[in-house]
Amino acid sequence: MNRRILFFLAVGLAFSLAFQGLIPRWSAEMGRRKVGILAEYRDMKAMSLEQHLPFEAALARLQVVGFTGFLVGEFTGEELAQGPLPLWYGPLAQLPPEVRAAALSSGLPEDAAPGGAEAPAPVSLESLPSDRGTLWIPLGEEDLAEEAEQFARLKFPELVSVRNAAGRILVLPQSFADLFAAGVLPDLEGLAKTRRLAVPVVYRPAMAPGVLAENVAALARGVVEANAQIRCIAPSGAVVAGYPDLLPLAALLKEKELAAAQVEFSRQLGGAALDWHVFPDLLPLHSVTQDEVLSKRVSRGVMVERMLRAAKERSVRLLLLRPYLLESGERFLKFEDDVRRIAEGLRNGGYETGWPVTYGRWGQSLLAAVACALLLVFCGMNYLWRLRRSEESVLSPFGFVVLLLLAGGLGAAAWKVPLLAKMLGALCAVAVVTDATLFALDGWRKPHLGIVQAVFVLVSGGLSIAAFYGVPLYMLRLLTFSGVKATLLLPPALILFHDLKRREHPESLGEVLGRPSRWGELALIGFMLLGAAFLALRSDNVNLVPGWEVTLRDALERLLVARPRNKELFIGYPALVLWYVVRRMDIWPDYREALRLASVFAFSSALNSFCHFHTPIFFTLWRVGNGLWAGLLLGAVLAALFRWVAFPLWRHARGAFFE
């Protein structure tokens, strides 16, 4: 049979295998439609006080519009010294004199000791270092004193407890300075109130330098066992509590069947290690820090859009909303309105508010691996056939079967060998982008046919990669796909080699190398190489995206919902349409190669959308479709302006110049 026909049969087979391989991922995405809208407990308390609302009434109003739960943390020394609990905290040397005078001894009252053991010997406060971090719970707060000592002793077994007429004094084994940014005591008030109201809680253990990992886990265990409302753990601070030994904390999460919050864009030391330990029990969380709100002047509308985008595009299931800082007055009412708008946006997108579930656990699909291998083998062979101008020749049944067996063996090997799997994905992506681009470019006589063929190859390749790598390890971004930058750099080089070999460019590679270089060519090549390198470096790097482009992206998201990528919308597809025009007009043969190379970005960018495995597959297909029609429409407008306005003006100006 004709090689072209057999090629499309192989691509169709890959498409069907990829569809089967996508079923576990599709089922998981459809089963995770709940998104939690959260707030810090302390923020909520402050807003309710400002609004003169009882906390319970404020919470009830928020729950009506879609609010889900709270983050309750562990106070650092700095936070505890600001007085959030009815106790005093500071260095031992600054303990109020009347409290110090009343402190006579340490140990349990009436010489009692657990299990009938001998009571500890009295300890004078004067014998302790004066810089020790110290808690004083006044008389009348006996319940708080009992709970505070219980939890503090779990983390600091060597603390000294003194009970006297002034209340209870807890002297910690570390200095006040060492505990300034470290966790000292859980937010007992927040835990008690959320426990009474049965509101879901994300608990945030703070940094714990100098504390054994076992003691960190012991405190977390005590807090979790006393508070059934805790559903998730999200360590706070620059370093995860217990780092580098995170096994005790991870073991506790596994035992209690608790998830860990996977905070987006976090650089927290130990965060990735904890994610690996508790996988797949992870819930991605998105928040915008107050510093970012102030520095970037993030408006409330943009904030809502960012939250919705995180949920819909990146499968984030916990959204942390903070009081808005850039506007004064009525923070609670604005917060309530933002929660309502986020919840409505989620419902419009097919989601609902509530406590989310984690991914299950499933492995890579053998069928999807074979699909990727089929596309690599047949797209690679088709490229070689193109170089030899034999893509329309006959391929024997034996040769076709050999290629199928080769693809099957390669897919099975990649399914078993992780290193081969990574290589297969990258090579498959490059081969698919190259072949899809060539189908589109070769269709200049019949553009509709060329585009249909290119899109079929592209979508088959994208779905195959999405099926093979669409497993929780990649969807939760614990592993990254290695082919994204390769699709931006290698296909243009392969297209250029193909064009020089087949004389799509007027000169062959030998002729180009054998003559003196032209300044126009050198400038064009240099510009395109710099552009390709910049796009590759900028991929997934938000720091290199200018402000005007962010504004444009936001506008496109509001208009199209599933925003196509700029590379395909503004570069790739317009360049493809312009190539059709200049090729059919048969003009500028020495320079139209630039349009062919720019067209690659339409298909490399579209394929890279499939490689964002945290994005739901339906949303990816929507985005690629939007890029296709919008890019071709923009290209058609530019082509019309060129054909009927710019080109006649250029030809007239050129003729007048040479006259």
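Analyst: V645 lies in helix α26, which covers residues 617-658 (a DSSP run of H or I with at least four residues). The model is predicted, so local features need pLDDT of at least 70 and side-chain atom pairs 80 or more, while totals for chains, interfaces and linings use all residues. Residues are numbered from 1 along each chain, and side-chain values use heavy atoms, without hydrogens or water.

V645 counts as partly exposed because its relative accessibility is 41% (between 20% and 50%, with a 1.4 Å probe). Together with W629, L633, V637, L638, L641, W644 and L649, V645 makes a nonpolar surface patch of about 830 Å² (side chains joined within 5 Å, each residue with over 30% relative accessible area by the Shrake-Rupley method and no salt bridge, that is, no Lys or Arg nitrogen within 4 Å of an Asp or Glu carboxyl oxygen).

The largest cavity, with a volume of about 50 Å³, is lined by E74, K155, Y203, P205, A206, A208, V216, L219, A220 and A241. Helix α9, residues 213-226, gives the largest share of this lining, 3 residues, and by class the lining of the largest cavity has 8 nonpolar, no polar and 2 charged residues. The second largest cavity also has a volume of about 50 Å³, and its lining includes V288, Q290, R322 and Y324.

Technical notes: Patch = residues over 30% accessible without salt bridge, like charges linked within 9 Å, V, L, I, M, F, W, Y side chains within 5 Å. Areas by Shrake-Rupley, 256 points an atom, 1.4 Å probe, with all protein chains shown as cover. Salt bridge = Lys/Arg side-chain N within 4 Å of Asp/Glu carboxyl O. Helix = DSSP H or I, 4+ residues; strand = E, 2+ residues; numbered from the N terminus. 1 Å grid on protein atoms, 1.4 Å probe; cavity = no way out; pocket = protein on both sides within 12 Å on 5 of 7 lines; lining within 4 Å. Points joined across faces, edges and corners; volume = space filled by probe spheres on them. Nonpolar A, V, L, I, M, F, W, Y, C, P; charged D, E, K, R; others polar.
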